[in-house]
Amino acid sequence: MSALLEVEAVSRRFRGLLAVDAVSFGVDAGELFAVIGPNGAGKTTLFNLIAGALPPSAGTIRLAGERIDGLRPDAIAARGVGRTFQIVRPFPAMTVRENIMVGSLMRTPHAAAARAKADAVMERLGFAALADRPAASLTLPDRKRLEVARALATEPRLLLLDEVMAGLRPTEVDAMVATLRAINAEHGTTIVLIEHVMRAVMALAGRVLVLHHGARIALGTPAEVVAEPEVVRSYLGTGPVH
Amino acid sequence: MGGISRRGLAAGAAVLAMPAIVRAQPAVLKVGLLLPRSGYLAQAGQSCHRGALVAPRVLADFGMRIEIIDVDFESNVDMARTQAERVINAGAHCIVGPFESGAALAIAQVTEQRKIPFVVNIGAAPQITEQGYQYLVRNFPTGGQLVTNGLALIKDLLAATGAQPKTAVFVHANDTFGTAQRGAMDALYPRAGLPIELLDRIAYDPKAQDLSVEVTKIRALNPDVLLVVTRSADAIKLFRDMVRQRFTPKAIISPGSPGMYDEEFYQALGPLADFAITNLPWANFNAPMTKALEAAYTPANPRYRFAAECFNAGFTFEALLVAADAHKRAGTTDGETLMRAVKATNLAEHVMTGGPIAFDAKGQNPNIVSASVQNRNRTPTVVLPASAATAAPVLPMPGWQGRT
Amino acid sequence: MRWALGLALAGALLAAPLVAGRYELSVLILVFQFVLMGQAWNLMMGYAGQLSLGHALYVGLGAYVPALLWLHFGVSPLLGVFAGMAAAMLAGAAIGWLGLRFGIEGVYFALLTIAFAEITRVAFDHLPVTGGAGGLFLPVTPEGRAAWWMLDGGPVFFYYVTLALAAGATGVVAWLARSRMGFLWRAVRDDPVAAEALGVNLFRARMQAILVSSAMASVAGVVVAFYYRNLFPSQVFDMSRSIELILAPIIGGLGTVLGPVVGAALLTPAGEALAALVHRAGLDAPGVKAVAYGLLLIAVIWVRPSGIWPWLARRLGVS
Amino acid sequence: MIMAELLLGVVVQGVMTGLVYGLMALGLSVIFGVIRVVNFAHGEFAVLAMYAAWLAHTQWQLDPILAALPIAAGCFAIGYGLQRGLVSPFVGRAEHEQFILLAGVAMVLLNLLLMGFGPDARPVNLPYALDSYAIGPVILDKARLIVAAVALVMTGAVIGFFRFTRTGTAIRACADNLLGAAVVGLDVKRLYALTFGIGLACVGAAGAMLVTISDASPVLAHGFTLQGFIIVIIGGLGSLGGALLGGVLIGVCEALAGFLWQPSMKSLFSFLLLVAVLALRPQGLLGKRA
């Protein structure tokens with residue numbers, strides 16, 4: 001398999017603070033890939049760099065061999081990168097269906113087709129009942145699902161999910177895991193997820209990237225990274241308390 | 001156009017020939033009076049309105065009965081148009097107003113379509129009577145007439161006083177009226193034969209909060225005469241800054257504009273208001289009707305002096321007079337007959353200076369003449385023509401210092 | 001039920017000139033003008049979330065350009081309207097480009113629109129070809145020779161013209177609201193960052209909204225020019241005009257298809273009714289009506305901040 | 001040489017006029033900077049203060065410069081009440097809703113003034129209103145000099161209030177971080193009401209002072225609001241020094257444009273200046289980057 005996403009020595013600096021420090025990794029097409037790390041490790045910044053919300057200070061990012069670093073977010077989205085936001089950003093005055101239709105309209109000019117697509121996505125994520133509710137009235141877990149649905153509706157090649165399981169009940173986590181697996185299997189959608197819910201990471205990800213203070217400290221299967229002493233120290237908190 | 005005036009004459013003859021029984025006074029004439037009594041033209045609109053308020057009583061004394069339906073169109077053209085329709089629905093047989101040219105043209109379309117006479121009290125845009133309206137007359141000079149008369153009077157002023165100013169600067173507000181006057185000045189000044197060189201023409205923004213730079217600019221040119229077209233608020237600012245910047249021209253003359261005879265001008269400037277000259281149509285204080293109007297006006301408006309208000313009040317009264325007189329002659333409130341009577345107006349007895357009120361084929365009264373009005377002891381005083389003058393003109397004007 | 005209601009309303013509007021007097025028609029003509037301008041503003045603010053306080057600029061250009069073309073070259077306003085549209089869109093593009101290129105948003109963008117309207121006002125005050133501050137006057141044809149293709153006629157004619165334009169504008173808004181473009185505008189209005197992440201080109205979406213809105217507003221200008229037949233920069237481009245035309249969509253309900261219609265249908269007659277009421281009550285002091293109108297605005301925005309139509313629609317069950 | 005002298009005079013006039021403009025805009029800046037509400041009734045309140053000063057002068061022969069203090073106090077009370085009673089629920093709401101509310105207030109106030117005082121300009125004739133000092137080629141009017149000096153003192157006082165008093169610091173905290181301010185237990189509603197009051201007090205004092213230069217009249221209101229708005233944006237949102245600087249820039253720009261170009265086009269230049277500032281430095285000359 002060829003690498004869909006190639007991140008090479010990417011850094012991002014905020015006024016002297018190095019939020020992402022020369023991180024390199026690749027994600028293969030069709031892979032389920034997780035990024036983990038303690039709070040402030042630079043995970044969301046990394047997503048913002050890939051999705052184009054921020055330009056990198058250094059390094060290159062390629063999607064299917066083409067450079068995408070420095071492009072505007074909409075251009076990157078048009079190339080097939082869908083993302084969700086950790087702090088959810090629904091279109092509050094629009095209904096759930098309309099929110100998702102904005103996503104599906106990125107792939108079709110016809111409102112009717114977009115509507116059908118949106119309904120299918122809602123069905124798949126199990127909240128068709130909420131279709132006509134204004135997004136502003138949703139609970140937080142539903143808003144998280146809306147984020148996923150909206151991104152999915154753009155039919156991405158690469159889906160960046162930023163803590164979409166946070167706040168879900170264990171049964172809901174399992175359902176979401178199953179859904180993501182199914183999407184991955186059916187459409188070959190590559191999924192990169194930032195996640196704190198280790199249960200989901202372990203169940204879903206084939207490989208895991210561990211960030212700490214902006215730098216990569218481990219990359220491997222879930223079992224491998226959990227075994228790394230540095231990961232354990234920095235992240236799982238079983239090391240000596242500083 | 002010739003056909004129209006022939007028709008007008010025929011109508012006049014028909015009216016005269018009617019048997020007396022038909023000419024008996026019908027019910028009172030209802031006049032829709034549209035004025036901008038709020039909004040940005042409120043000052044002028046209310047000033048006109050004060051003149052109109054006493055009109056029914058004065059006209060009654062002259063044997064004419066009218067009833068006024070008051071409408072404030074809020075200085076808004078949309079309102080002017082809808083309110084014209086409303087007031088006609090409310091029974092108005094003719095319309096008088098509206099002080100402003102844009103509103104006049106908006107109202108004219110309504111009156112034209114409804115065949116209701118419309119007497120413009122004030123509004124100087126020449127286009128008002130150039131549009132071919134059959135139901136509109138204007139008893140007010142056009143901008144060109146104002147300037148022509150105004151410049152002629154300057155010549156007379158020089159002759160009467162022996163003053164020999166060499167240079168002048170023309171300062172005008174860059175609004176509808178000011179620009180029209182500027183156009184007339186550009187066209188007419190070179191042909192007026194005045195021995196005064198026009199150094200520059202300065203347009204200012206009437207919305208400006210401050211005119212000190214304008215005055216600096218004038219001061220740098222140092223003209224003998226300042227020719228101004230203003231409104232009173234700007235005129236006050238202009239004068240104050242001239243005093244502060246210690247610039248005293250030999251004469252300040254308006255070739256026909258409001259500003260320097262308004263009550264607020266005298267209130268604000270006191271003795272500094274004196275000696276400024278405005279050349280424009282004025283009340284003829286020797287006329288009996290003017291005396292009657294003043295006698296009614298003064299007790300009704302204790303806070304305002306007729307002498308300072310007679311321009312707005314006089315023209316508004318005259319517009320009502322034109323309507324009332326036509327009604328008296330026509331003997332009916334029917335729009336078409338009434339309009340024929342309006343067109344046949346020939347009123348020797350009226351308020352403002354000039355010949356009899358009459359209208360040409362376009363509906364314009366060509367007989368209005370200007371007077372030279374100089375501020376003396378905070379009172380506008382007619383100084384020319386000699387026939388109407390109550391004082392002799394003073395030129396050059398004394399300096400600002402030491403005035404009381 | 002909904003269709004029946006709509007048909008009845010359409011029938012009533014079409015038949016109105018048979019029963020309504022000239023005064024009522026002249027008020028309705030104003031209502032329709034405000035619907036047209038309100039819909040234009042509604043597209044840009046209500047759907048695309050861009051606050052413009054300078055829409056008088058587009059209306060004014062839409063008035064002056066066809067008027068000048070007709071006056072100097074005898075071009076029918078039915079063609080001139082497109083030239084006016086082009087001029088308005090050009091102005092909109094300039095404002096939009098500046099605003100979008102330099103990230104000027106919200107109140108700042110509003111001020112930019114005011115600045116352009118005022119700059120145009122001052123410029124037109126000094127342009128000899130437009131008559132400057134002295135005004136531009138369109139000759140009036142004598143009765144009976146009025147030509148509809150020169151947009152000349154009586155109140156019934158203008159009633160139908162403005163009715164058609166208002167209905168057309170409302171139709172365009174209804175169509176756009178369901179179109180792809182409308183969805184993208186609303187997404188950009190609600191959350192530009194999220195919209196961009198989904199692939200929406202913010203610049204393009206916002207620019208489209210500005211262009212459509214300015215084009216629609218310019219059509220109202222043609223009516224202003226040929227209905228009143230005289231134009232003054234100090235009136236046409238005045239900020240009070242820009243403010244007047246946004247009242248109806250806000251009071252009626254922003255971002256809804258019928259909000260501007262409801263707003264205009266309430267506000268203009270309310271103003272007329274207040275004027276009549278004040279007169280009848282003998283409170284003939286200038287200003288009373290405006291005080292009452294101001295209190296009305298405060299009351300409505302206090303009680304129904306998102307406008308009357310969304311509330312009304314819920315009550316009628318037609319949302 | 002003559003030209004240079006004239007230009008110097010014009011620039012000085014521009015600075016003086018600009019300081020007056022800045023003084024007028026100060027109140028708008030305070031309210032806009034903290035509460036993030038554009039007070040569209042700004043100019044109407046300024047005219048209200050002008051009428052109050054006129055009344056104080058005609059009734060009690062009170063000099064407007066002395067009357068400015070009680071008028072400011074009265075405006076403070078109005079502002080406090082207005083924020084508490086009317087504006088408060090609209091804080092943080094969409095701009096167009098705030099706009100309609102305050103435009104309604106403006107319409108009511110302006111027409112009440114028209115009904116109460118009539119449309120004629122009301123002058124306050126002071127013995128020193130027409131005095132001026134000639135310093136070389138430059139002529140300075142006494143009235144503008146006084147108002148300009150007050151503008152500087154008042155701006156200093158308001159800046160001092162916000163920097164050195166507890167209440168002022170608390171208000172700044174609200175402006176910087178509303179949530180944080182609420183979390184640490186500041187009574188945001190009261191502080192906002194105080195801010196609106198202080199803003200209107202500035203407008204009141206400025207309006208009262210202004211009658212030494214300009215006559216009270218309802219037609220002034222719209223111009224004050226628009227100009228205040230421009231100055232605040234040019235100077236920088238929430239920067240009081242910026243309001244003064246913005247005023248001076250506009251004053252000098254208009255004075256030079258009026259002198260070297262056609263005076264009737266001078267407002268064109270302040271709008272062009274505004275467009276330039278919006279494009280190149282959207283946070284305003286002295287504003288903090290958001």
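How many salt bridges does the rule find across the interface of chain B and chain D? The rule finds four. The model is predicted, and the views below go through its contacts chain by chain.

**View 1. Chain B meets chain D.**
The interface joins 39 residues of chain B to 39 residues of chain D. Between them the two chains bury about 3,200 Å². Carbon and sulfur atoms carry 49% of that area. On the side of chain B, the residues that lose the most area to chain D are Gln209(B), Val213(B) and Arg244(B). Together these three account for 24% of what that side buries.

One pairing to look for is Asp241(B) with Arg144(D), which form a salt bridge. Their closest N and O atoms are 3.4 Å apart.

**View 2. The side of chain B that touches chain D.**
Several elements of chain B each supply at least two residues to this side. They are helix H2 (42–53), strand E7 (197–204), helix H8 (212–221), helix H9 (232–244) and helix H10 (263–269). Which of the elements gives the most? That is H8(B), with seven residues. By class, this side of chain B has 13 nonpolar, ten polar and 16 charged residues.

**View 3. Chain D on its own.**
Chain D holds eleven helices and two strands. Along the sequence, the pattern reads α-α-α-α-β-β-α-α-α-α-α-α-α. The radius of gyration of chain D is 19 Å, close to the 19 Å that the globule rule gives for 290 residues, so chain D is as compact as a globular protein of that length. The C-alpha trace of chain D spans about 65 × 50 × 35 Å along its principal axes. Of the 290 residues in chain D, 62% are buried.

**View 4. Chain D meets chain C.**
Here 38 residues of chain D are in contact with 40 residues of chain C. The pair buries about 3,400 Å² between them. Of this area, 86% is on carbon and sulfur atoms. In chain D, the most area is lost to chain C by His96(D), Ile100(D) and Leu278(D). Together they make up 17% of what that side buries. The count of salt bridges between chain D and chain C is zero. Polar contact, with both residues at pLDDT 80 or more, is found for one residue pair.

**View 5. The side of chain D that touches chain C.**
Helix H3 (64–87), helix H4 (95–117), helix H9 (221–235) and helix H11 (266–280) of chain D each supply at least two residues here. H4(D) gives the most, with 14 residues. The residues on this side of chain D divide into 29 nonpolar, six polar and three charged.

**View 6. Chain pairs without contact.**
Chain A and chain B do not touch. How far apart are their nearest C-alpha atoms? They are 36 Å apart. No contact joins chain A and chain D either. For chain A and chain D, the closest C-alpha atoms lie 13 Å apart.

Technical notes:
Residues are numbered from 1 along each chain as its sequence is written. Chains are lettered from A and ligands numbered from 1 in the order in which they are written. This is a predicted model: local features need pLDDT of at least 70, side-chain atom pairs count only at pLDDT 80 or more; totals for chains, interfaces and linings use all residues. Side-chain values use heavy atoms; hydrogens and water are left out. Contact means heavy atoms within 4.5 Å. Buried area is the accessible area (1.4 Å probe) that two parts lose on being put together, summed over both. A salt bridge is a side-chain nitrogen of Lys or Arg within 4 Å of a carboxyl oxygen of Asp or Glu. Helices (H or I, at least four residues) and strands (E, at least two) are DSSP runs, numbered from the N terminus. Ala, Val, Leu, Ile, Met, Phe, Trp, Tyr, Cys and Pro count as nonpolar, Asp, Glu, Lys and Arg as charged, and the others, Gly among them, as polar. The radius of gyration is taken over C-alpha atoms; the globule rule is 2.2 Å times the number of residues to the power 0.38. Buried means under 20% relative accessible area, exposed over 50%, partly exposed in between (1.4 Å probe, protein chains only). A polar contact is a pair of N or O atoms within 3.5 Å; within protein, one must be able to donate a hydrogen and the other to accept it, and residues adjacent in sequence count only if both atoms are side-chain atoms.
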